[in-house]
Amino acid sequence: MALYAMGDFHLAFQSDKSMNKFGSVWRKHEEKIQKYCSKLIRPEDTLVITGDHSWGKDLETCREDLAFIEGLPGRKILLRGNHDMFWDAKKTEQLNREYQGRLEFLQNNYYAYEDYALVGTKGYTFEGPFYLDRRGRIMGWDEDREKHAEKLIKREMQRLQQSFDAAWSDGYRKFLMFLHYPPTSILEEESAFTRIAEKYGAEHVIYSHCHGESRFHDSIRGEFHGIQYHLVSGDCLKFRPEKIM
């Protein structure tokens, strides 16, 4: 059994949203997702999709998008993204009941993969605005928005802690940690998210959200303090899911 990850499907089978403005890699990206998932993922494998599944504004307007995901091979575990309006964090159990045996929704809970616990939450990072000089160096930023971001990060950390606590209480000591947002902002070398990953000894941290080559190095990639960090945005991977284990 292998474990794969990819995020930011941004499906729009029931809406007129398009990602084409972000580059040619997005043209017919649904067909690429179908093609590469079918080629790489076997029925016994697991695919974790790290948020931004659908442009639907509620559950009814993303049914076809979720059906598309359901039709991909393997076990599918979904994480919340910032555009997933259909997913109220307080109704995760309701989604899990409705899609039982078809899709699994990771929020304030965990899922097992062999002897690992898969934990995660949407996360959050401060994304500006930043004030730049003529050379593009950051000279300042919107401090009110930074304070608002700090509140959201605190909330997401509580949710992530709940995910870790549930797995820990069930005896798990090996962790893979999933976020939608990057674990750090471009102002940070570490964050509350990197620190909790180190606290529990997570072996991998997997995230997405960053689109376009200019954004692919906004946060940590590769090894940092003994943990492997993976950016798995769909366009970064050219819609080929990345094998994590």
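With 245 residues, a compact globule would have a radius of gyration near 18 Å, and this protein agrees, since its value is 17 Å. That radius is taken over C-alpha atoms, and the globule rule is 2.2 Å times the number of residues to the power 0.38. Keep in mind that this is a predicted model, where local features need pLDDT of at least 70, side-chain atom pairs count only at pLDDT 80 or more, and totals for chains, interfaces and linings use all residues. Residues are numbered from 1 along each chain as its sequence is written, and side-chain values use heavy atoms, with hydrogens and water left out.

Along the principal axes, the C-alpha atoms fill a box of roughly 50 × 45 × 30 Å. Of the 245 residues, 53% count as buried (under 20% relative accessible area, with a 1.4 Å probe and protein chains only). The protein has 5 helices and 13 strands, which are DSSP runs (H or I, at least four residues, for helices; E, at least two, for strands) numbered from the N terminus.

Now look at α4 (residues 143-169) and α5 (residues 192-200). Their axes come within 11 Å and cross at roughly 15 degrees; axes are lines fitted to C-alpha atoms over the stretch in contact, and angles run from 0 to 180 degrees between N-to-C directions. The two helices are therefore roughly parallel to each other (an angle under 35 degrees). So who touches whom? Contact (heavy atoms within 4.5 Å) involves, among others, Ile153, Leu160 and Trp168 of α4, along with Phe193 and Tyr200 of α5.

Conventions. Parallel < 35°, antiparallel > 145°, perpendicular 65-115°, else oblique. Buried < 20%, exposed > 50% of the residue type's maximum accessible area, 1.4 Å probe, protein only.
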